[in-house]
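My notes follow in the order I took them.

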Amino acid sequence: MKRQLPIAIAATIGFLTLFGWFVDEPNIKSFVDDDATQWFDILASFAMFLGALNLLKMQALKVVKQSKGWPYAALAIAGFTFSFTAGFILLGSYNVEISQYDDPAKVATVLASEINLDEKSAENILIAMPEGDTYIIDTPYFTKAGADNVVKEINAAGGTANMRATEWGSHISTRGSLFNWMFRFIFTPLSATMFALLAFFVASASYRAFKIRNFEATLLLISGIIIMLGRVPIGGNISAWFILYIVVLALSAGVNTWFKNRTYTLASVIGGVLIVTIAGFIMGWPVDQPAIFYLPVLQDWIYNNPNVAGARAIMIGIGLGIFATSIRYILGIEKSYIGE
């Protein structure tokens with residue numbers, strides 16, 4: 001029973017989900033469109049929660065046992081704790097709104113220090129504010145106490161100010177919240193640093209993968225160089241005519257490999273160079289002409305045509321693999337989820 005029941009549940013839910021796309025029955029469609037997706041969200045939430053707890057447990061054990069690399073584990077725990085605090089406890093992003101004032105000069109003495117302007121400029125801002133409108137201080141406050149203090153100072157100076165907290169949930173993307181600050185000034189720079197370092201690893205891996213061994217490796221090498229050069233600013237400064245000369249030399253190398261004749265090779269080099277040079281003088285040596293040999297244009301074509309075709313082929317393969325695996329689960333052939 002321990003084996004048959006999970007298999008029966010998986011098969012039943014799998015058949016319902018699969019045929020829900022082909023059967024025009026409202027209850028089944030509702031299950032597929034709403035219930036099943038909500039179940040997935042709930043299970044995924046619990047899985048993420050358990051995963052986070054497991055991560056903390058593993059890192060905490062490293063710190064307690066002083067295992068190799070335990071300082072990194074301590075840093076991971078500190079980062080997790082800070083993210084949790086910024087996301088669930090210290091929401092931040094408290095705005096101060098000024099709706100009325102009796103004497104703009106007095107209110108400006110408080111406002112000037114908050115918006116980093118001189119008192120005269122702050123007073124002009126208040127005077128220019130349309131009647132019935134409110135002025136919101138651009139920079140939100142991290143803590144409620146900080147915003148309350150400013151409100152009290154403005155009210156004491158004869159103004160009418162209120163504090164408005166950002167709603168729960170929207171504080172994640174609201175500028176000025178602690179979580180948003182963490183995302184902009186910690187996560188984003190760290191991500192940029194990581195990808196910048198990855199560029200060197202990619203270059204190293206490309207060198208090993210693109211070594212010329214056969215025709216396919218040569219194509220990969222040439223395409224990789226074109227893509228890398230065409231996507232950086234220096235690629236736009238390389239003249240299409242320079243690429244044409246390289247093409248002539250490459251074709252001459254091919255002639256030499258094919259015919260094994262020095263005369264033919266010399267003739268192909270001289271003839272090709274002459275043709276390219278004469279064409280250059282006629283056209284005036286524009287950097288981006290002929291466009292087909294201009295690196296940004298060439299890399300764009302490679303990226304949008306052969307690359308997209310390969311990516312689609314991979315996605316089709318992944319889709320077929322998912323379909324085959326799903327069928328194995330539905331039919332009870334694949335039983336790894338019950339430990340077999």
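I started with Glu97 and Arg164, whose side chains are joined by a polar contact of 2.6 Å. By polar contact I mean a pair of N or O atoms within 3.5 Å; within protein, one must be able to donate a hydrogen and the other to accept it, and residues adjacent in sequence count only if both atoms are side-chain atoms. The model is predicted: local features need pLDDT of at least 70, side-chain atom pairs count only at pLDDT 80 or more, and totals for chains, interfaces and linings use all residues. Residues are numbered from 1 along each chain as its sequence is written, and side-chain values use heavy atoms, with hydrogens and water left out.

Is Glu97 buried or exposed? Glu97 is buried, because its relative accessible area is 17% (buried is under 20%, exposed over 50%, partly exposed in between, with a 1.4 Å probe and protein chains only). Glu97 sits in strand S1. Helices (H or I, at least four residues) and strands (E, at least two) are DSSP runs, numbered from the N terminus. I then listed the contacts of Glu97 (heavy atoms within 4.5 Å). Leaving aside neighbours within four places in sequence, they are Tyr135, Ile136, Thr160, Ala161, Asn162 and Arg164.

Next I looked up the cores. A nonpolar core here is a set of buried Ala, Val, Leu, Ile, Met, Phe, Trp, Tyr and Cys residues joined through side-chain atoms within 4.5 Å. The largest one has 21 residues, and Val96, Ile98, Leu111, Tyr135, Ile137, Tyr141 and Ile154 touch the most other members. Strand S1 (94-101) and helices H4 (104-115), H5 (119-128) and H6 (144-156) each supply at least two residues of this core. Which element gives the largest share? H4 does, with 6 residues.

I checked Ile98 by itself. Not counting residues up to four places away in sequence, Ile98 touches Val107, Leu111, Met129, Asp133, Thr134, Tyr135, Ile154, Thr160 and Ala161. A second, separate core has 6 residues, including Ile226, Ile238, Leu295 and Leu298.

Then I turned to helix H11. H11 runs over residues 262-283, 22 residues in total. At 1.5 Å a residue H11 should span 32 Å, and its end C-alpha atoms are 31 Å apart, which agrees. The expected span is 1.5 Å times one less than the number of residues. The buried residues of H11 are Thr265, Gly272, Val276 and Gly280. They fall within an arc of 65° seen down the axis, so they line one face of the helix. The arc is that of the directions from the helix axis to the C-beta atoms. Helix H10 (240-259) is included in what covers them. On the other side of H11, Thr263, Leu266, Ile275, Phe281 and Ile282 are exposed.

I also looked at the ends of H11. Asn261 caps the N-terminal end, with a side-chain oxygen 2.8 Å from the backbone nitrogen of Thr263. Just after H11, Gly284 takes a positive phi of about 85°.

Ile292 lies in the loop between H11 and helix H12 (295-304). Ile292 is exposed, with a relative accessible area of 56%.

Last, I noted the chain totals. The chain has 13 helices and 3 strands. Buried residues make up 22% of its 340 residues.
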